[in-house]
Amino acid sequence: PTIEAVDTTSLEVERGIDAVSDEDVSRDVERHREQSAELVTPDPPRASCAGDVVTFDMSVSVDGQDRPDLAMRDSRAELGSGRLIDTIETALTGIDLGATREVEIAFGPDHGEEDLRGKTARCAVVLKNVQAKVLPDLDDEFAKDLGHESLAVMRAAVRSRIEEGARERAAFRL
């Protein structure tokens, strides 16, 4: 059927705006703390642990052949962040500086690189550096370092920014 004209002048549309909770504000403030963290080398040296930022090398062989294309040099990652595959994360956690751990990684039958499908790689992971993350105290000094008068003013600014984002998202919803 052909529709000639539809009168939409009497229709009303209400767009919901997502509520901003105290948890949303705290999560964003915590993200700022994470970004402001200082990395320090533990003294005395200790084994790596979750939360540390580590530097490592990894050599890889498949079917007894070295695979430099899969190797890593001076790679950095935060342990516990979920950015490493579990096997490598486990190998790097709880070891001392300079230590090497051997691990195996199995490639599935649908792996993106055809020559690796269904094969197992042997990896040697060497821990080269450990740095502990030291978060700044959540206080007025921290807020001042980020350009706010106080922590309360910073939290209010964060809430305002999140609320503005919620209003902008609501404007584009149908």
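Student: Where is Asp63 found?
Tutor: This is a predicted model, and in it Asp63 sits in the loop between E2 and strand E3 (65-66). Its backbone has a positive phi of about 55°, although Asp63 is not a glycine.

Student: And is Asp63 buried or exposed?
Tutor: Asp63 is exposed, because its relative accessible area is 55% and the cut-off for that class is over 50%.

Student: What about Asp74, what is its phi?
Tutor: Phi of Asp74 is near 50°, again a positive value in a residue other than glycine. Asp74 belongs to strand E4 (residues 72-78), and at 48% relative accessibility Asp74 counts as partly exposed.

Student: Which residues does Asp57 touch?
Tutor: Leaving out residues up to four places away in sequence, Asp57 touches Met72, Arg73, Asp74, Ala124, Val125, Val126 and Lys128. With Arg73 there is also a polar contact from side chain to side chain, at 2.9 Å.

Student: Is Asp57 buried or exposed, then?
Tutor: Asp57, which lies in strand E2, counts as buried, because its relative accessibility is 12% and the limit for buried is under 20%.

Student: Changing topic: which residues touch the most other members in the largest nonpolar core?
Tutor: That core has 21 residues, and Phe56, Ile88, Leu92 and Val125 are the ones that touch the most other members. Two or more residues each come from strand E2 (53-62), helix H2 (86-92), strand E5 (100-106) and strand E6 (120-134). As background, nonpolar side chains tend to be buried together in soluble globular proteins.

Student: What is Ile88 in contact with?
Tutor: Setting aside neighbours within four places in sequence, Ile88 is in contact with Phe56, Met58, Val103, Ile105 and Val125. There is also a second, separate core of nine residues, and Phe142, Ala143, Val158 and Ile162 are among them.

Student: Now helix H1: how many residues does it have, and what should they span?
Tutor: Helix H1 (residues 22-35) has 14 residues, which should span 20 Å at 1.5 Å a residue, and its end C-alpha atoms are 20 Å apart, so the two agree.

Student: Which residues of H1 are buried?
Tutor: The buried residues of H1 are Val25, Asp28, Val29, His32 and Arg33. Seen down the axis of H1, the buried residues fall within an arc of 150°, so they line one face of the helix. On the other side of H1, Glu23 and Arg27 are exposed.

Student: Why would residues three or four places apart point the same way?
Tutor: An α-helix has 3.6 residues a turn, so residues at that spacing of three or four places point the same way.

Student: What do the buried residues of H1 pack against?
Tutor: They pack against helix H3 (140-145) and helix H4 (151-171).

Student: Which peptide bond is cis, from Asp43 to what?
Tutor: The bond from Asp43 to Pro44 is cis, with omega near 10°, and Pro44 is in the loop between strand E1 (38-40) and E2.

Student: Last one: where does Glu113 lie?
Tutor: Glu113 lies in the loop between E5 and E6, and because its relative accessibility is 33%, Glu113 counts as partly exposed. Not counting residues up to four places away in sequence, Glu113 touches Arg67 and Leu70. Glu113 and Thr41 are 72 residues apart in sequence, and their C-alpha atoms are 38 Å apart in space.

Notes
Residues numbered from 1 in each chain as written. Predicted model: local features only at pLDDT ≥ 70, side-chain atom pairs only at ≥ 80, totals over all residues. Heavy atoms only, no water. Core = buried A, V, L, I, M, F, W, Y, C linked by side-chain atoms within 4.5 Å. Buried < 20%, exposed > 50% of the residue type's maximum accessible area, 1.4 Å probe, protein only. Helix = DSSP H or I, 4+ residues; strand = E, 2+ residues; numbered from the N terminus. Contact = heavy atoms within 4.5 Å. Polar contact = N/O pair within 3.5 Å; in protein donor to acceptor, adjacent residues only side chain to side chain. Expected span 1.5 Å × (residues − 1). Arc of directions from axis to C-beta.
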